[in-house]
Amino acid sequence: MSSSGLSRVFKEIVLKRRSVRNFREDAPIASDVLGELLALTQRSPSSFNMQPWRCIIVRNEEQRELMSRAMLSESNRRRVIQAPMTAVFLADLEPAHLIPKVLELEQDRLPKSALENIRLGAAYYAS
């Protein structure tokens, strides 16, 4: 696909995106659909592919009720309770601890100089 075609597709995706604020309690998300969505989130780019985030899926009604108490507004509280599930994304604000795992996974693929640069970056962030 040409760059103008890709640009057009991207523009269409951005312009058709919308926020959903009302949820049908009787329409749970199928496990295979949820699995595919979560697999796509793993494709999001991150430095050194560390993916410094985790996602917790909360389907249990009692747990969503407890979680809703942390919401800042009443409307958000209702949404957490009303939705058939809630995805909680957690960010790792100090992802340097993941660098040894990245090195382990990439040691056979990356040149030694790149691995050394990653080690130096890890030492910088660890200090």
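**Pockets and selected residues of the predicted chain**

Glutamate 94 is located in the loop that joins strand 2 to helix 5, where helices (H or I, at least four residues) and strands (E, at least two) are DSSP runs numbered from the N terminus. The structure is a predicted model, in which local features need pLDDT of at least 70 and side-chain atom pairs count only at pLDDT 80 or more, while totals for chains, interfaces and linings use all residues. Residues are numbered from 1 along each chain as its sequence is written, and side-chain values use heavy atoms, with hydrogens and water left out.

Glutamate 94 counts as exposed, at 64% relative accessibility; buried means under 20% relative accessible area, exposed over 50%, and partly exposed in between (1.4 Å probe, protein chains only).

The mean pLDDT of the chain (the predictor's confidence in each residue, from 0 to 100) is 85, and 97% of the residues reach 70 or more. Where pLDDT is low, the predicted coordinates should not be read in detail.

Pockets were located on a 1 Å grid over the protein atoms alone, a pocket being an open set of points with protein on both sides within 12 Å along at least five of seven lines, and lining residues having an atom within 4 Å of a point. Grid points are joined across faces, edges and corners, and a volume is the space filled by probe spheres set on the points. The largest pocket holds about 480 Å³. Its lining consists of 14 residues, with Arg18, Val20, Ile29, Leu37 and Ala87 nearest the centre. Two or more lining residues come from each of helix 2 (31–41) and strand 2 (86–91), and helix 2 provides the largest share, 4 residues. By class, this lining comprises 12 nonpolar, 1 polar and 1 charged residue, with Ala, Val, Leu, Ile, Met, Phe, Trp, Tyr, Cys and Pro counted as nonpolar, Asp, Glu, Lys and Arg as charged, and the others, Gly among them, as polar.

The second largest pocket holds about 360 Å³. It is lined by 19 residues, and Gln42, Asn49, Met50, Gln51 and Arg54 lie nearest its centre. Helix 2, strand 1 (53–58) and helix 5 (99–106) each give two or more residues to this lining; the largest share, 4 residues, is that of helix 5. The lining of the second largest pocket divides into 11 nonpolar, 4 polar and 4 charged residues.

Threonine 86, in strand 2, is buried, with a relative accessible area of 14%. Apart from neighbours within four places in sequence, threonine 86 contacts (heavy atoms within 4.5 Å) Ile56, Ile57, Val58, Arg64, Met67 and Val80. Arginine 21, in the loop between helix 1 and helix 2, is partly exposed at 48%. Its C-alpha lies 9.3 Å from that of alanine 83, 62 residues away in sequence.

Helix 1 (residues 3–16) is hardly covered, with 1 buried residue among its 14. Tyrosine 124, in helix 6, is exposed, with a relative accessible area of 60%. The C-alpha atoms of tyrosine 124 and methionine 71 are 36 Å apart, at a sequence separation of 53 residues.

How values were computed:
On a 1 Å grid over the protein atoms alone, a cavity is a set of points where a 1.4 Å probe fits but cannot get out, and a pocket is an open set with protein on both sides within 12 Å along at least five of seven lines; lining residues have an atom within 4 Å of a point.
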